[in-house]
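Let's walk through this protein together, from the overall fold down to single side chains.

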Amino acid sequence: MINCYKVVAFAGSLRKESLNRTLLRCAISSAPENMTIEQLDIHDVPLYNGDIEEQGPPKSVIDFKESIAAADGLLIVTPEYNYGVPAVTKNLIDWASRRNSHPGNVLSNKPVAIMTVTASPRGNGALARSQVREVLVAPGAIPMPAAGFGLGGGQSNFDSSGNLVNESVLEQLQQTLSAFADWVRKLAV
């Protein structure tokens with residue numbers, strides 16, 4: 001019997017049809033048979049504010065953190081803005097790492113995979129992936145040792161239905177997700 005790992009995911013963009021949300025939808029539909037990926041709703045998560053945390057964070061934050069806590073792994077699909085990690089991605093990591101609000105730091109010992117897609121034909125989000133990896137280390141998350149999945153060229157990678165058009169890119173995505181399932185399995189022991 002194959003263990004089925006539950007992974008939760010977010011795209012670090014609030015735009016409904018962002019490239020990173022499109023890539024996340026492709027990842028969800030390309031997950032290996034031993035993994036399910038659920039996209040988290042991040043729209044109502046406020047900017048991190050210690051005063052809000054002290055008063056008791058809103059339900060959107062508690063739901064977000066509890067979903068990560070209950071999952072076997074976390075997939076972060078982040079844009080790269082101005083050669084770095086965008087505020088939305090960083091904000092979500094900050095909330096997830098907070099020890100003083102229920103259910104505590106949900107990133108500790110959590111396996112994480114990082115993906116990016118950028119509009120640039122030359123870049124592939126490597127700087128953002130690197131910065132997200134650095135930010136995850138402090139709260140004790142365990143990013144996959146490999147560099148993750150990065151894709152340049154923006155919308156040209158997808159057809160009008162949001163499917164990847166290049167078979168080799170789809171294979172790379174599937175290989176990354178299979179490697180992540182293996183990473184989750186190794187850390188679950």
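**A guided walk through the fold**

Leaving aside neighbours within four places in sequence, Pro-139 is in contact with Ser-97, Asn-105, Leu-107 and Ser-108, where contact means heavy atoms within 4.5 Å. You will find Pro-139 in the loop between helix H5 (126–137) and strand E5 (142–143). Helices (H or I, at least four residues) and strands (E, at least two) are DSSP runs, numbered from the N terminus. Is Pro-139 buried or exposed? With a relative accessible area of 12%, Pro-139 is buried; the cut-offs are under 20% for buried, over 50% for exposed and in between for partly exposed, with a 1.4 Å probe and protein chains only. Pro-103 sits 36 residues away from Pro-139 along the chain, and their C-alpha atoms are separated by 14 Å.

A word on what you are looking at: this is a predicted model, in which local features need pLDDT of at least 70 and side-chain atom pairs count only at pLDDT 80 or more, while totals for chains, interfaces and linings use all residues. Residues are numbered from 1 along each chain as its sequence is written, and side-chain values use heavy atoms, with hydrogens and water left out.

Now step back to the whole chain. The protein has six helices and six strands, and from the N terminus on they follow the order β-α-β-α-α-β-α-β-α-β-β-α. Its C-alpha atoms fill a box of roughly 50 × 45 × 25 Å along the principal axes. A compact globule of 189 residues would have a radius of gyration near 16 Å, and the protein agrees because its own value is 16 Å; this radius is taken over C-alpha atoms, and the globule rule is 2.2 Å times the number of residues to the power 0.38. Of contacts between residues at least 6 apart in sequence, 76% join residues at least 24 apart. Buried residues account for 47% of the 189.

What lies inside? In soluble globular proteins, nonpolar side chains tend to be buried together. A nonpolar core here is a set of buried Ala, Val, Leu, Ile, Met, Phe, Trp, Tyr and Cys residues joined through side-chain atoms within 4.5 Å. The largest such core has 28 residues, and Leu-23, Ile-37, Leu-75, Met-115, Leu-173 and Phe-180 touch the most other members. Several elements each supply at least two residues of this core, among them strand E1 (5–11), helix H1 (19–30), strand E4 (111–117) and helix H6 (167–188). The largest share, seven residues, comes from H6. Apart from this core lies another, of 22 residues, including Ile-42, Ile-76, Val-106 and Val-112.

Beyond its neighbours within four places in sequence, Leu-23 is in contact with Val-77, Met-115, Thr-116, Val-117, Phe-149, Phe-158 and Leu-173. Then try Thr-176, which lies in helix H6. Thr-176 is buried, at a relative accessible area of 13%, and touches Met-115, Met-144, Gly-148 and Phe-149, not counting residues up to four places away in sequence.

Aromatic rings come next. Rings of Phe, Tyr and Trp (its six-membered ring) pair if their centres lie within 6.5 Å, and planes under 30 degrees apart count as stacked, over 60 as edge-to-face and the rest as tilted. There are two aromatic pairs by this rule. In one of them, Tyr-48 and Trp-95 have ring centres 4.9 Å apart and planes at 75 degrees, so the pair is edge-to-face. Tyr-48 is partly exposed at 28% relative accessibility, whereas Trp-95 is buried at 0%.

Finally, look for charged partners. The structure holds five salt bridges, each a side-chain nitrogen of Lys or Arg within 4 Å of a carboxyl oxygen of Asp or Glu. One of them joins Lys-6 to Glu-38, with the closest N and O atoms 3.9 Å apart. Lys-6 lies in strand E1 and Glu-38 in strand E2, 32 residues apart. Another salt bridge joins Arg-98 and Glu-53 (3.4 Å, N to O). Arg-98 is partly exposed at 29% relative accessibility, while Glu-53 is buried at 8%.
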